[in-house]
Amino acid sequence: MEVKMEVTFWKKLLRVNLSDGSVKTEEIPEELFKLYLGGRGLATYYFVKEVSPNIDELSAENKLIFATGPLTGTPAPTGGRYMVVTKGPLTGTIASSNSGGDFGAELKHAGYDMLIVEGKSEKPVYLAIKDNSVEIKPAEHLWGKNTHETTVILVDEFGERRAKVACIGPAGEKLVRFSCVINDKHRAAGRTGVGAVMGSKNLKAIIVKGSKKPPKISDFMGVIKDKVEILRKDAITGEGLPKLGTKVLDSIINQNGLYPTKNFQFGTFDKTNEVNGEALIEKGYLVNTSACYACPIGCGRVTKLPSGLEGEGPEYETGWAFGADCNVSDLNAIIQANFLCNELGLDTISTGTTIAAAMELYEKGYISKEELKGGPELRFGSSEAIVYYTRAIGLREGFGDKLAEGSFRLASSYGHPGISMSVKKQELPAYDPRGAQGHGLEYATSNRGGCHVRGYMISPEILGVPEKLDTQKIEGKAQWVKIFQDLTAIIDASGLCLFSSFALGADDYRELVNSATGFNYTTEDLMTVGERIWNLERYFNYKAGIGPETDTLPERLLKEPLPDGPQKGAVVHLDKLLPEYYKVRGWNEDGTIPKEKYKELGIEFE
Amino acid sequence: MNKREPGGENFSPPYQYKIKFFTLFKLYFKRDFLVIESERAPLKLFELIEKGSEILGKSLKEKLISKGKLKRGAIILIKGKNVLHLKELETEIYPEDDIVFFPPGGGG
C-alpha cells in the first residue's frame, strides 16, 4: 500500500472571475511545486502562462495573483509571507510584491496555495472566503473608505473576529500607479502598484478565515526548532531588529556615506540623529513592537503621535523617503506621512521619493507655483509639503494627481527624466548605489524595477553579512548579485521573510523546505529554482517590451560623483559590472536570454 | 615630525580618542560618544576597545569581539572606512580620527 506523505501545501488554487462572477478551484500539479516551489515562483509561472505580456496593466485582461509558499502558515520562523503577482502599472514589468502580517497564513489555512483574480467587476465588490465558501459581495459601502475603516467594517460584517483582511485604500481605487495592497491594517504588499490593479478590477478587499493548518510534520518541527534558535541567537535577528526595527539602519547607512539626501544629490544627511531609530525611541513615539505570523524577530514598530494618532512604522525606507530624501528632519511629520500612506494605501518609498523629485523640479524652476493649485511650496525640508502631498497623491487631488503617476512620468513631463531616481520607472530605495557597487548592479537588473529586496547587496557590502565586501570593488560582484537574487527568489517562493537571511543561509532554507515538502532538493537544486524564477520574470519583461536596454541607472548615479561623505567621488561602474553579470547569468552579451538557458532551466514558454 | 605623531604640533599627551556611538550602543550606554584618554598614540583598535570596556563594562567588548576577531556584522568605521578593509583589530587609531562603533545591525 502506498503511504501518502504529508506536505505543507494543498496543491489547490482558487480562481475567481470578477467579470462573470464564477468561482472555481483547480488542482496544482505537484511537479510545478518542484519547479517553482510556491509563492513568487508558482505565481510567476501561472501569470506568464496565462497573461499576454502586452496587455494594459489596468485592463480586465490583467490578472492579480495572491500566492502563499509551502512554508506560509506553518510554524516555520517568519512563515507568514505571501506574494502579489501581476503586471505593474508603474513599471509595465512583472510586478511582484511581498507582505507579512497574518493574511497570507489565513489564506493558506482556508485551504488555498494561491488565489487568481481575473476580469473586472462592473461595481465595487469584495471577496469573502471561509474555507470552501467563497462569495463575491457588494462593496459600494466600502468604496472611498481608508484601509483601517475597511478592515474594521469587513471584520464586523463577516462576523469572525479573527478573520484577516487585505484591501486597497482610496489610492488603489483612484489607480495611483504606486498604490499598494494593505493587509492586517499595517502590512503592505507595497511596491510596483499592485493596489491599482486591484482597484482597476473594482475589488476593494479580500477577507478570509480558514480552519485547517498545514500538518506539523515531525522532521519539519525539529528543523524549525533549530532555525528559531539560530535566529534568536543571531545579533541582528535576535537583538538589532527586535530592539530598533529596520530603522537600526539610518545611522549605519549615513555614516557609511550612502544615505541618499535631497533626491540623491548628496550621500549624507546632517540631521540623521533627529530621525533615526534611536530618535523614535528617545522622542517617545515608540509605544510597542509587533511581529508577523510565526515570526521570532518582531521588527514591527507601533508608534503614537502626541495628537493621539497611532499606527505602525515608520520603517527605515519610509523614514528615509520622507526624511533625508526630502531633507525633512521632523519625525512627527514623517510619521504622519507614513500613517497616511497606510490608510490611503500608498507605497511609502515611491510616495516619498516622488515628492523628493518634485522638490528638485520645483527648486530648479521646472514646476511653477501656480501648478501647485494652492498647495504648499515644494521646498526641500518642508514637513508641511510631505504630509500635504501624500494626502493629495492618495486622493489624486490638485497637484497630487500629477504626482500620482510617479516620479519618472512626472519628471519626463517637464523634460527632465534624469531627475527621477528610478529604474524601469520605479523609484529607488534608501541606498545610494554609488556607495555600494554591487547594490547598483542589483538595482539596474531588478526584474520589478528599482528595488532593494531582489538581492540585498547592502548586507555583504555594508553590514558585513555573511562576509564583508569592499563597497567599491567590482571584481566578483556580479556573482554575488546572482546568488543573492536567486536566493531571494527562493525565500519569496517559500513563504518566508527576507530578514531571516541575516541569520540563515541556503542550506538552512533547503532543510526547511525539504522537511516540509519531501522534495529532497540539494542546495544546488534549490538555487536552480531561484534561477528559474529569475529568468522567467525576465522573459516576461522582455516579451512586454522591457529589455536589457532598461538594465541601467539614472545618469546622476553613473556620471555625477558623490559630492560628500566617506564615499566622496564615487560613481557606479555599470559599464564594467553589467557585462560580467550577463556572463555569470549565462546570457548573451546583449543581455538577452539564449534558448539554451531556457531549456537548461526547464522553462517551457520559449 | 609628522603632526599625526605623538608630540606633533596639534597633539600632545594625554591623547584623547573620541568614539561615536549609534543604534544599540547609544541606547545601552546612554551616550552619544565616549572619550578615552591615553598617554600613547596611536592605539591599536583592540586596545581602544579594551579601554572602552574598562569604562563602560565588558558588554562593549562582547558585542564587538568574538574569539579574538571582530564579530560578524559589527561595524567599526575609521574616517568612514570599515576596519575590515584596514587591519581589523590591529588597525592603528590616531587621536584626531573619526571613530564610529556599531554593534551588528541590519534591516531594509
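Which domains does the domain assignment give for chain A? Domain 1 spans 12–209, domain 2 spans 245–421 and domain 3 spans 433–601; bounds like these come from an automatic or database domain assignment.

Before you click around: this is a predicted model, where local features need pLDDT of at least 70 and side-chain atom pairs count only at pLDDT 80 or more, while totals for chains, interfaces and linings use all residues. Residues are numbered from 1 along each chain as its sequence is written, and chains are lettered from A, ligands numbered from 1, in the order in which they are written.

**Stop 1: domains 2 and 3 of chain A**

Colour these two domains separately. Taken over C-alpha atoms, the centres of domain 2 of chain A and domain 3 of chain A are 26 Å apart. Their contact uses 15 residues from domain 2 of chain A and 16 residues from domain 3 of chain A (contact here: C-beta atoms, placed from the backbone, within 7 Å). On the domain 2 side you'll find nine nonpolar, six polar and no charged residues. For the classes, Ala, Val, Leu, Ile, Met, Phe, Trp, Tyr, Cys and Pro count as nonpolar, Asp, Glu, Lys and Arg as charged, and the others, Gly among them, as polar.

**Stop 2: the six-stranded sheet**

Stay in chain A and show the open sheet ordered S2-S1-S6-S3-S4-S5, which has mixed pairing. Strands (E, at least two residues) and helices (H or I, at least four) are DSSP runs numbered from the N terminus, and two strands pair if DSSP finds at least two bridges between them. Select S2 (23–27) and S5 (94–99) of chain A: these are the edges, each with a single partner strand, so one side of each has no neighbour in the sheet. From one strand to the next, the twist averages 20 degrees; the axes behind such angles are lines fitted to C-alpha atoms, with angles running from 0 to 180 degrees between N-to-C directions.

Now zoom in on S1 (residues 12–17) of chain A, which is antiparallel to S2(A) and joined to that strand by five bridges. Pick A:Val16 and look across to A:Val23, its bridge partner in S2(A).

**Stop 3: the three-stranded sheet**

Next, bring up S13-S14-S15 of chain A, an open antiparallel sheet. S13 (286–290) and S15 (310–312) of chain A are its edge strands, pairing on one side only. S14 (residues 300–304) of chain A runs antiparallel to S15(A), with three bridges between them.

**Stop 4: helix H21**

Select 506–517 of chain A. H21(A) has 12 residues and reaches 16 Å from first C-alpha to last, close to the 16 Å expected at 1.5 Å a residue (the expected span is 1.5 Å times one less than the number of residues). Its buried residues are A:Tyr509, A:Arg510, A:Glu511, A:Leu512, A:Val513, A:Ala516 and A:Thr517. Buried means 20 or more other C-beta atoms within 10 Å of the residue's own, all placed from the backbone. Show H1 (30–36), H7 (218–233), H20 (477–494) and H22 (523–543) of chain A too, as the buried residues of H21(A) pack against them.

**Stop 5: chain B**

Finally, switch to chain B, with its three helices and nine strands. Of its 108 residues, 39% are buried. In all, 23 residues of chain B are in contact with 33 residues of chain A. H1(B) gives the most to that side of chain B, with four residues. By class, the chain B side has 10 nonpolar, nine polar and four charged residues.

Terms used: Contact = placed C-beta atoms within 7 Å. Buried ≥ 20, exposed ≤ 12 C-beta atoms within 10 Å, placed from the backbone.
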